[in-house]
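Hi,

Here is the structure I promised to pass on. Have a look at it first, and then read on for what turned up.

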Amino acid sequence: MDTLAIYPGSFDPVTCGHMDLVHRAARIFPHLVVAVAVNVRKHPMFTPEERVDMLREALKSVPQVEVDSFSGLLVDYARQRKANVVVRGLRALSDFENEFQMAHMNRRLAPKLETFFMMTGQEHFYVSSQTVKEVAHFDGDISGLVPEIVLQRMRVKNGKSIT
Ligand code: PNS
């Protein structure tokens, strides 16, 4: 059976930690769908369309990676796409509890869907969409923490010109 893997997330916005994980997962899975979850948080910085757009731009050189979005339950989207694996990244112990709950809930809802955890690269374990947004909001330097396209879009969102 062909393996179709989904890497779901909010990606508000995609960080270099996510990118590292996508590149490593793409070496394992022949077809990887990076799926932006719609309606997960009430006040996202970027719309789902903007998040998809930035991911597509950042990942355009990786042929077996597709970028899509979904709303509702991840297990329903996985069923619809005929996916058999969900990929998630683990940064630190603090991620574990939530990921553990999610993986078990998803397994209860869809027993054949396997969750595959990958450790975030050591250069990125402290990087999150949340911290990156906060640093950018107060004019801190986030270059090297997010793809170039995100850097540009965040400058625009934060009312700075692109230089
Ligand atoms: O990047 P995030 O915010 O950690 O991603 C979390 C995400 C989007 C993967 C998770 O919230 C999710 O799968 N949402 C879809 C709704 C769903 O299926 N919830 C049940 C999981 S217990």
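Which residues are buried in helix 1? Before the reply, one thing to keep in mind: this is a predicted model.

The buried ones in helix 1 are Cys-16, Gly-17, His-18, Met-19, Asp-20, Leu-21, Val-22, Ala-25 and Ala-26. That makes nine of its eleven residues, so helix 1 is largely enclosed by the rest of the structure.

Thr-15 is buried, because its relative accessible area is 1%, and buried means under 20%. Thr-15 also caps the N-terminal end of helix 1, with a side-chain oxygen 3.2 Å from the backbone nitrogen of Gly-17. Gly-17 is itself among the buried residues of that helix.

The loop between strand 1 and helix 1 also holds Pro-13. The peptide bond that joins Asp-12 and Pro-13 is cis, with omega at about 0°. That one is worth a click, since most peptide bonds are trans.

On to the ligand. Its space is the largest pocket. Around it you will find Gly-9, Ser-10, Ala-37, Arg-41, Phe-70, Gly-72, Leu-73, Leu-74, Arg-88, Met-102, Met-105 and Asn-106. Sorted by class, that shell has six nonpolar, four polar and two charged residues. Which helix gives the most to the shell? That would be helix 4 (residues 93-109), with three residues.

- Ser-10: an N or O atom of its side chain is 2.5 Å from an oxygen atom of the ligand.
- Leu-74: here a polar backbone atom is involved, 2.8 Å from a ligand oxygen.
- Arg-88: a polar side-chain atom lies 2.9 Å from an oxygen atom of the ligand.

As for cover, the ligand on its own has 550 Å² of accessible area, and the protein covers 75% of that.

Next, two residues with a backbone angle to check. Most residues other than glycine have a negative phi. Lys-82 has a positive one, near 60°. You will find Lys-82 in the loop between helix 3 and strand 4 (85-90). Lys-82 is exposed, because its relative accessible area is 68% and the cut-off for exposed is over 50%. Asp-139 is not a glycine either, and its phi is positive at about 70°. Asp-139 belongs to the loop between helix 5 and helix 6 (148-157), and at a relative accessible area of 56% it is exposed.

Is Ser-128 buried or exposed? Its relative accessibility is 14%, so Ser-128 counts as buried. Ser-128 is in the loop between strand 5 (114-119) and helix 5 (129-137). Its side chain makes a polar contact of 3.0 Å with the side chain of Thr-131.

- Gln-80 is in helix 3 (residues 74-81) and counts as exposed at 59% relative accessibility. Between Gln-80 and Phe-125 there are 32 Å, C-alpha to C-alpha, for 45 residues of sequence.
- Asp-68 is part of strand 3 (residues 65-70). With a relative accessible area of 22%, Asp-68 is partly exposed. The C-alpha atoms of Asp-68 and Asp-53 are 9.6 Å apart, and the two residues are 15 apart along the chain.
- Val-150 is in helix 6 and is buried, with a relative accessible area of 0%. From Val-150 to Glu-99 it is 51 residues in sequence and 26 Å in space, C-alpha to C-alpha.

Cheers

Note on methods: Residues numbered from 1 in each chain as written. Predicted model: local features only at pLDDT ≥ 70, side-chain atom pairs only at ≥ 80, totals over all residues. Heavy atoms only, no water. Near = heavy atom within 4 Å. Polar contact = N/O pair within 3.5 Å; in protein donor to acceptor, adjacent residues only side chain to side chain. Areas by Shrake-Rupley, 256 points an atom, 1.4 Å probe, with all protein chains shown as cover. 1 Å grid on protein atoms, 1.4 Å probe; cavity = no way out; pocket = protein on both sides within 12 Å on 5 of 7 lines; lining within 4 Å. Sits in = over half its atoms within 2 Å of the grid points. Helix = DSSP H or I, 4+ residues; strand = E, 2+ residues; numbered from the N terminus. Nonpolar A, V, L, I, M, F, W, Y, C, P; charged D, E, K, R; others polar. Buried < 20%, exposed > 50% of the residue type's maximum accessible area, 1.4 Å probe, protein only.
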